[in-house]
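Here is a short briefing on one structure. It covers the annotated domain, the sheet and the surroundings of the ligand.

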Amino acid sequence: TRSIILDCDPGHDDALAILLAAGDPRAELLAITTVAGNQTVEKVTRNARAVCTVAGVEGVTVAQGASRPLVREAIIAPEYHGDSGLDGPDLPEPTVPLDPRGAAELIVRTVMDREPGTVDLVPTGPLTNIALALALEPRLAERVRGVTLMGGAYTRGNRTPAAEFNIIADPEAAAAVFAAPWPVTMVGLDLTHQALADDAFRSRVRALGTPLAGFVEELMEFFTQSYARRGFPAPAVHDLCAVAAVLDPDVMTYRDAFVTVELTGTWTTGMTVTDFEGLLGRPVNTRVAVSLDRDRLWDMTVAAIERLGG
Ligand code: BDR
Ligand code: CA
């Protein structure tokens, strides 16, 4: 099993990431921490707790984190996720408690209290909490098993032509995460645009017939419309892929590279500059996800939803 801290900003695809991390038998979900991203931190925290409530996920620590990036002004993504950050279904009043600790503190405590090399950090929002945790406790870098993040890309952006949302939302934090001496896996847009939640996947979820399956279907219906406005046949469920990579690394293939984040570009701030060929003469610091076994991803996701909502 993998012991996971999921640091997220739900978010439709973050919600699926929570369900996989909570429902897959190979996962021990130690904590869910939240960060301002798709919406304000108050909204995404409520969403994370509401998802846990719908899914019957009790006993997972949920802690709220940063309300703004390290240096820059906050940006949000209502054009993809709506005004609540999780538009579509009716969200229940959360019954899952909120831990009084801040996310960065909780991340440090959870990792440092466990055996070295046993905890996976899975950030699926802007990297503010992770950078703050690292600043609080630099030994974090040698204590975690690794960081598997959804963010960036080696070919393109989605917020700007060069930058993906989670990276440009807090580029200084992202730069610190790539620069730290821990094993980083980048699950970027090149990979996640292979994970389009098409009707074949959605019918499998619908066929489960549980209340949770209905909730997921309502999420996917809204998310499909958001992506349709941008010319996609189906929505990319980015964050789900990062959790899947930790639970079942063979669900995708990887290439090693040196990755760094552009902080001073005229047009390219937030770009994850990815050097596969060693052109910059820097040591490899990242395992970059390249190609996805989509059927395998859907199989484990449907199974997790079934397991939770049974
Ligand atoms: C990322 O941005 C957010 O809108 C999604 O939840 C995902 O984490 C994709 O660029
Ligand atoms: Ca996200």
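Which residues does UniProt list for "domain: Inosine/uridine-preferring nucleoside hydrolase"? The unreviewed entry gives residues 4–299. The model is predicted.

**Domain**
- Over residues 4–299 the chain is 40% helix and 18% strand.
- The end C-alpha atoms of this stretch are 20 Å apart.

**Sheet**
- Nine strands form an open sheet with mixed pairing, in the order β3-β2-β1-β4-β5-β6-β9-β7-β8.
- β3 (61–64) and β8 each have a single partner strand, so one side of each lacks a neighbour in the sheet.
- From one strand to the next, the twist averages 30°.
- Helix α8 (residues 171–179) packs on the sheet and touches β5 (146–150), β6 (184–187), β7 and β9 (286–292).
- The direction of α8 makes about 115° with that of β7.

- β7 (residues 252–261) pairs with β8 in the antiparallel sense, over four bridges.
- Thr260 has Val273 as its bridge partner in β8, and Val259 has Thr274.
- In a regular strand, side chains alternate between the two faces of the sheet.

**Ligand 1**
- The shell around ligand 1 holds 15 residues, of which Gly11, Asp13, Ala77, Phe165 and His238 come nearest.
- α1 (12–23), α7 (165–169) and α12 (238–247) are the elements that give two or more residues to this shell.
- By type, the shell divides into four nonpolar, seven polar and four charged residues.

Terms used:
Residues numbered from 1 in each chain as written. Chains lettered and ligands numbered in written order. Predicted model: local features only at pLDDT ≥ 70, side-chain atom pairs only at ≥ 80, totals over all residues. Near = placed C-beta within 6 Å. Nonpolar A, V, L, I, M, F, W, Y, C, P; charged D, E, K, R; others polar. UniProt positions renumbered as here; feature names shortened; annotations may be inferred. Pairing = 2+ DSSP bridges. Axes fitted to C-alpha atoms, helices over the stretch in contact; angles between N-to-C directions. Contact = placed C-beta atoms within 7 Å.
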